[in-house]
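User: Could you take a close look at one spot in this model for me? I'd like to start from a single side chain and its surroundings, then see how the packing elsewhere is laid out.

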Amino acid sequence: WIHAGYYDSVSRAGGIPVVMPPLASDDDLRRIVDTLDGIVLTGCKLDLDPVRLGMDKHPATRPMPARREDFDRRLARLAMEQKLPVLAIGAGMQLLNVICGGSLYQHIAEEILKPLHHRDPVEERLRHLIEVVPGTRMDQIYGPGEIRVNSDHHMAIDQLAAAFRVSATCPDGVIEAYESALDDWFVLGVQFHPESHTASALDMQVFEAFLEGCQEQRQTAPATIPFNLRRAA
C-alpha cells in the first residue's frame with residue numbers, strides 16, 4: 001500500500017503523480033523513469049534492513065519487505081546516476097543517504113547523547129522542534145524562526161553523504177533535513193512527513209519546492225533528456 005498523502009500532495013502542488021510498483025526489470029524501470037521530471041522516495045512504517053548496512057539487528061527494528069527495499073535501492077541509485085530531482089521522505093531520506101555513501105544510526109535512543117523523543121508507539125501527533133540552517137532551501141521554504149514537525153522514526157542519519165549538506169537539525173543533533181550540495185542535482189530530504197495528516201499547512205510548501213526544483217533543473221538540462229512536467233491550471 002501507499003499513503004494517499006504522497007500523490008495527493010504532488011497533485012495539490014501542481015504536478016501529475018505516477019505511482020511506481022516494485023518492478024523487477026531494470027529496463028522497465030528505466031522506461032518509466034525516462035518519462036518523469038522527478039522522484040519522491042517515500043517513507044515507510046518499517047525500517048531499512050540493518051544487516052544490509054553492516055549492523056546487527058536491534059530488537060526495536062522491523063525491516064521492510066526485501067522486495068520493497070530492493071526496488072527503492074535500485075530507484076535511488078538510478079536517480080543518483082541520472083541526477084533526477086528527488087524529494088526523499090522518512091526512510092526514503094535515509095536510503096538515499098546510504099546509496100550516496102552515508103551511514104545511519106539504527107536506534108536513536110541508544111546511539112545519540114541525550115536524545116529527544118522521535119517516536120511514540122501510541123501518539124501519532126508527536127511533534128518536536130527543528131532548527132533550520134540559514135540560507136538553505138529549508139530556510140526558503142519555512143522562513144526564519146523555530147518550526148515544529150511531526151516525528152515517527154527511530155533510525156536516523158549518522159554520517160551525511162558528501163553529495164549533501166545539512167539544512168535542518170533537531171536540538172539533540174539528529175539531522176532532520178538535507179539538500180544537494182551539487183549545482184546540477186536538486187535533492188531535498190526530510191526526516192519528517194509533510195504528506196501526513198499530522199503535517200502542518202506550511203509543510204505543503206515542501207512539495208511545492210520540489211516541483212519548483214524539477215522546473216529549475218528542466219530549464220538547465222540538456223535537450224536530449226525527456227521531460228513531461230505539467231503544471232495544474
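Analyst: Let's start with S9, whose side chain reaches the backbone oxygen of G5 at 2.6 Å. Keep in mind that this is a predicted model. S9 sits in helix α1, which covers residues 4-12. If you skip its neighbours within four places in sequence, S9 is in contact with P194, E195, M204 and F207.

Now for the nonpolar packing. The largest nonpolar core has 34 residues, and L96 and F164 are the ones that touch the most other members. Elements that each put at least two residues into this core include α2 (26-33), α3 (66-82), β1 (39-41) and β8 (175-180). The top contributor is α4, which gives six residues. Looking at L96 itself, and not counting residues up to four places away in sequence, you'll find it touching L41, A76, V86, A88, F164, Y178, W185 and V187. There's another core apart from this one, made of 25 residues, and M204 is among them, along with L87, V132 and L188. That's the M204 that S9 is in contact with.

Back to α4 for a moment: nine of its nine residues are buried, so the helix is largely enclosed by the rest of the structure. The buried set includes Q94 and N97 as well as L95, L96, V98 and I99. After α4 comes G101, which has a positive phi, near 110°.

Technical notes. Residues numbered from 1 in each chain as written. Predicted model: local features only at pLDDT ≥ 70, side-chain atom pairs only at ≥ 80, totals over all residues. Heavy atoms only, no water. Core = buried A, V, L, I, M, F, W, Y, C linked by side-chain atoms within 4.5 Å. Buried < 20%, exposed > 50% of the residue type's maximum accessible area, 1.4 Å probe, protein only. Helix = DSSP H or I, 4+ residues; strand = E, 2+ residues; numbered from the N terminus. Contact = heavy atoms within 4.5 Å. Polar contact = N/O pair within 3.5 Å; in protein donor to acceptor, adjacent residues only side chain to side chain.
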